[in-house]
Amino acid sequence: MASKSPLTGRFETHMHAKEWVIQTPDGQIYKCRNLKNWLREHEDMLDGTVRQAWMA
């Protein structure tokens with residue numbers, strides 16, 4: 001049940017989510033809330049895994 005809640009699940013509305021501005025090496029800028037969720041959605045842009053990016 002908690003994973004489906006907008007306050008505790010994998011959503012931008014997670015209660016601990018912060019706002020981020022991410023710039024790619026080619027200069028493209030992304031604004032997001034909930035970095036881990038953004039990493040999952042853009043895994044194809046990462047050099048490694050989501051876990052590696054999250055822990056860096």
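Trainee: Where does T24 sit?
Mentor: T24 is in the loop between β1 and β2. Bear in mind throughout that this is a predicted model.

Trainee: Is T24 buried or exposed?
Mentor: T24 is buried, since its relative accessible area is 12% and the limit for buried is under 20%.

Trainee: And which residues does T24 touch, leaving aside neighbours within four places in sequence?
Mentor: With those set aside, T24 is in contact with Y30 and M45.

Trainee: What about D26, where is that one?
Mentor: D26 is also placed in the loop between β1 and β2.

Trainee: Buried or exposed?
Mentor: D26 is exposed, with a relative accessible area of 63%.

Trainee: What does the side chain of D26 reach?
Mentor: It reaches the backbone nitrogen of Q28, at 3.3 Å. The side chains of D26 and T24 are also joined, by a polar contact of 2.3 Å.

Trainee: Let me step back. How many helices and strands does the protein chain have?
Mentor: The protein chain has two helices and two strands. Along the sequence the pattern reads β-β-α-α.

Trainee: In what sense do β1 and β2 pair?
Mentor: Strand β1, residues 19-23, pairs with β2 in the antiparallel sense, over five bridges. The two strands form a hairpin, with five residues between them. In the turn, G27 has a positive phi of about 95°.

Trainee: Which residue in β2 stands opposite I22?
Mentor: That is Y30.

Trainee: How do the side chains point along β2?
Mentor: They alternate along β2, which covers residues 29-33. Y30 and C32 point to one face and are buried.

Trainee: What is the relative accessibility of Y30?
Mentor: It is 18%, so Y30 counts as buried.

Trainee: How many aromatic pairs are there?
Mentor: The count comes to one aromatic pair. Y30 and W38 form it, and the arrangement is edge-to-face. The rings are 5.4 Å apart centre to centre, with 65° between the planes.

Trainee: Why is that called edge-to-face?
Mentor: Because planes over 60 degrees apart count as edge-to-face, and the angle between the planes of Y30 and W38 is 65°.

Trainee: W38, buried or exposed?
Mentor: W38 counts as buried, at 8% relative accessibility.

Trainee: Which residues make up the largest nonpolar core?
Mentor: There are seven residues in all: I22, Y30, C32, L35, W38, L39 and V50. The elements that give two or more residues to this core are β2 and α1. The largest share, three residues, comes from α1.

Trainee: Take L35 from that list. What is L35 in contact with, leaving aside neighbours within four places in sequence?
Mentor: L35 is then in contact with W20, I22 and W54. I22 is itself one of the core residues.

Trainee: Where does N34 lie?
Mentor: N34 lies in the loop between β2 and α1, with α1 covering 35-41. N34 has a positive phi of about 85°, although it is not a glycine.

Trainee: Buried or exposed, that N34?
Mentor: N34 counts as buried, at 11% relative accessibility.

Trainee: What separates the C-alpha atoms of E43 and A53?
Mentor: They are separated by 9.5 Å, and the two residues are 10 apart along the chain.

Trainee: Back to the whole chain. What share of the residues is buried?
Mentor: Buried residues make up 25% of the 56 residues in the protein chain.

Trainee: Last one: of the contacts between residues at least 6 apart in sequence, what share joins residues at least 24 apart?
Mentor: For the protein chain, that share is 7%.

How values were computed:
Residues numbered from 1 in each chain as written. Predicted model: local features only at pLDDT ≥ 70, side-chain atom pairs only at ≥ 80, totals over all residues. Heavy atoms only, no water. Buried < 20%, exposed > 50% of the residue type's maximum accessible area, 1.4 Å probe, protein only. Helix = DSSP H or I, 4+ residues; strand = E, 2+ residues; numbered from the N terminus. Pairing = 2+ DSSP bridges. Phe/Tyr/Trp six-rings, centres within 6.5 Å; stacked < 30°, edge-to-face > 60°. Contact = heavy atoms within 4.5 Å. Polar contact = N/O pair within 3.5 Å; in protein donor to acceptor, adjacent residues only side chain to side chain. Core = buried A, V, L, I, M, F, W, Y, C linked by side-chain atoms within 4.5 Å.
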